[in-house]
Amino acid sequence: MLMLAAIVVLHITTIILLLVAAIDNAWWVDNSVSADLWGRWDFSNNVWHYTNLKGYPEDYLQAVQATSVLACVFTILALFVFVAQLFTLPKGMRFTFTGILQIIACLCIMTGASIYTAKLHVNDTSGGYGHCYILAWISFVLTFILALTYFILRKKKE
Amino acid sequence: MLTFLALTSVVLLGIVPEQSQAIAIYTGWERHALVGSDIRLSCSFFSWRWTSEDVTFSWTYRPDGSRDSISIFHYTGGAAYVDNKGPFRDRLEFVGNPGRRDGSILLKNLELNDNGTFTCDAKNPPDIVGRPSSVRLLVFEKVPIQAGVITGAIIGVVLGLLVLIVVIYYLMRFLVARRVFSLSVSKHGKKKKEGSQQRQGPVPPADPSKIKV
C-alpha cells in the first residue's frame, strides 16, 4: 500500500516537473532575459516584455517543442493507464503497458533536451541554462526510474 | 397567390438592377514566391452583365514602403499592353482570358525588389462601378518554415502511431479470440447436430387430442 502511494506520488511529481519544463519559458537565462521554448521574456524599464524567438534554427527549436509536449502527454497517459491497470490487470502480471508509455516519455524528453543542448545557444558567450532545462534532465531521470519500476513491479497475488 | 408572386418578381426585378451595377473583382490576398521563380497573379471579376467587348483589365504595382503606384499592365479593345519601361519590362506576360473574365498576369524571374502590392482593376461596360482588389507579393530567398508546422507534424504523427498501434493490438486480440471462439462453437455445434438427428427418428406423432387451442 505504501509502495503504491510512493509510486503514484513520484509519478505525479514527474508530471508536474515535466509540465513546468515544457511550459515555462526558462531554458536559457541571461541578465534580464529568459528565453525558450515558446517565447522570450526581456526585462527592461522594470517591466517584462514577451517577444517571439528570432534567429534560432527553426527546425531544431520546433523539434524540441514537439518532444517536450510529447513527453508530457505520454507521462500523463502512463498515469491513467497505470490506474486502469491496477483494476484490470490479472494478479501476478507486470505493468508493461504503463512501462512502455513511460519509457517513450523518457526517450522523448531525452531527445528534446539533447537536441537543445547540441544545437541551440551553441555559440552564446553570455547566459546559461535556466531552471526548465535542469528540470527537463531531472524528469528524464525520474521517468527512467519509473519506467523500470513499472517493468519490474508485479501485481500482488493474494 | 399569383398576383403576390407577380408583384414580388416585379419588385425584385426593380431592385436587382440597382445592385447589379457593382462589379466585384477577385484576386488573391497574399502570394509567396522564391527569388528567381515565376508567379501567376490571378484576377477575375463578377458582373451581372454579359462580358462586353470593351472589357478592360489594368494592373498597378506599389512597391513595399512606397506611396506611389505605377501602372504595369492594361488590356483594352482586345489588345494587351505590358510594361516596357518600368520595373517589369520583359518580365511580364498576359496569361488571362478576357472572354472568360480572367485577367491574370505572369511575372517571371522574380527579384527581391518585387515585394509589394499589385492591384487589379477590371471594368465591364456598362458595369464600371467597383472596387479594385489587391494582392500582396512576398518574395523569399529561402522558403521559411511556418511557425509550429514541424512541431505539429511530429506530435501528430507520434500520437497517431500510438492510437494505431493500440487499435491494431486490441483488434488482433479480438479477432484471435473470435476465431478461437468460433472454432470451439463449430465443434460444439457438430456434436449437438449429430446428437439431435439420432433422437429425431423415433419421435412419436403429435396426438391431436392433446393439442390445446
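Leaving out residues up to four places away in sequence, A:Phe82 touches A:Leu4, A:Ile7, A:Val8, A:Phe95, A:Thr98 and A:Tyr150, where contact means heavy atoms within 4.5 Å. The model is predicted, and local features were therefore taken only at pLDDT of at least 70 and side-chain atom pairs only at pLDDT 80 or more, whereas totals for chains, interfaces and linings use all residues. Residues are numbered from 1 along each chain as its sequence is written, chains are lettered from A and ligands numbered from 1 in the order in which they are written, and side-chain values use heavy atoms, with hydrogens and water left out.

A:Phe82 is found in helix H2 of chain A; helices (H or I, at least four residues) and strands (E, at least two) are DSSP runs, numbered from the N terminus. A:Phe82 has a relative accessible area of 0% and is buried. The classes are buried for under 20% relative accessible area, exposed for over 50%, and partly exposed in between (1.4 Å probe, protein chains only). One of the residues in contact with A:Phe82 is A:Tyr150; the two are 68 residues apart in sequence, with a C-alpha to C-alpha distance of 8.7 Å. Helix H2 of chain A also holds A:Gln85, which is buried at a relative accessible area of 10%. With residues up to four places away in sequence not counted, A:Gln85 touches A:Phe95, A:Thr96, A:Phe97, A:Thr98 and A:Lys155.

The interface of chain A and chain B was examined next. The size of an interface is often given as the accessible area lost when the parts come together. Here the buried area (the accessible area, 1.4 Å probe, that two parts lose on being put together, summed over both) is about 1000 Å², and carbon and sulfur atoms give 82% of this area. In chain A, the residues that lose the most area to chain B are A:Gln62, A:Ala66 and A:Leu70, together 44% of what that side buries. The contact takes 13 residues from chain A and 13 residues from chain B. Across this interface the rule finds zero salt bridges, a salt bridge being a side-chain nitrogen of Lys or Arg within 4 Å of a carboxyl oxygen of Asp or Glu. Four residue pairs, both at pLDDT 80 or more, are in polar contact across the interface. A polar contact is a pair of N or O atoms within 3.5 Å; within protein, one must be able to donate a hydrogen and the other to accept it, and residues adjacent in sequence count only if both atoms are side-chain atoms. On the side of chain A that touches chain B, helix H2 (58-88) and helix H3 (96-119) each supply at least two residues. H2(A) gives the most to this side, with 11 residues. By class, the side of chain A that touches chain B has nine nonpolar, two polar and two charged residues; Ala, Val, Leu, Ile, Met, Phe, Trp, Tyr, Cys and Pro count as nonpolar, Asp, Glu, Lys and Arg as charged, and the others, Gly among them, as polar.

Chain B has two helices and 12 strands, in the order α-β-β-β-β-β-β-β-β-β-β-β-β-α along the sequence. Of its 213 residues, 26% count as buried. Among contacts in chain B with a separation of 6 or more, 59% are accounted for by residues 24 or more positions apart. One buried residue of chain B is B:Ser104, with a relative accessible area of 0%. B:Ser104 lies in the loop between strand E8 (92-94) and strand E9 (105-107). Neighbours within four places in sequence aside, B:Ser104 is in contact with B:Arg40, B:Leu41, B:Ser42, B:Cys43, B:Phe94, B:Val95 and B:Gly96.

The loop between strand E5 (56-63) and strand E6 (70-76) of chain B holds B:Gly65, which counts as exposed at 87% relative accessibility. The C-alpha atoms of B:Gly65 and B:Gly116, 51 residues apart along the chain, are separated by 8.1 Å.

Over all chains, a search of the whole structure finds seven salt bridges. One of them joins B:Asp64 and B:Arg136, with the closest N and O atoms 3.1 Å apart. B:Asp64 lies in the loop between E5 and E6 of chain B and B:Arg136 in strand E12 (residues 133-140), so the pair ties together parts that are 72 residues apart in sequence. B:Asp64 is partly exposed at a relative accessible area of 41%, and B:Arg136 is partly exposed at 31%.
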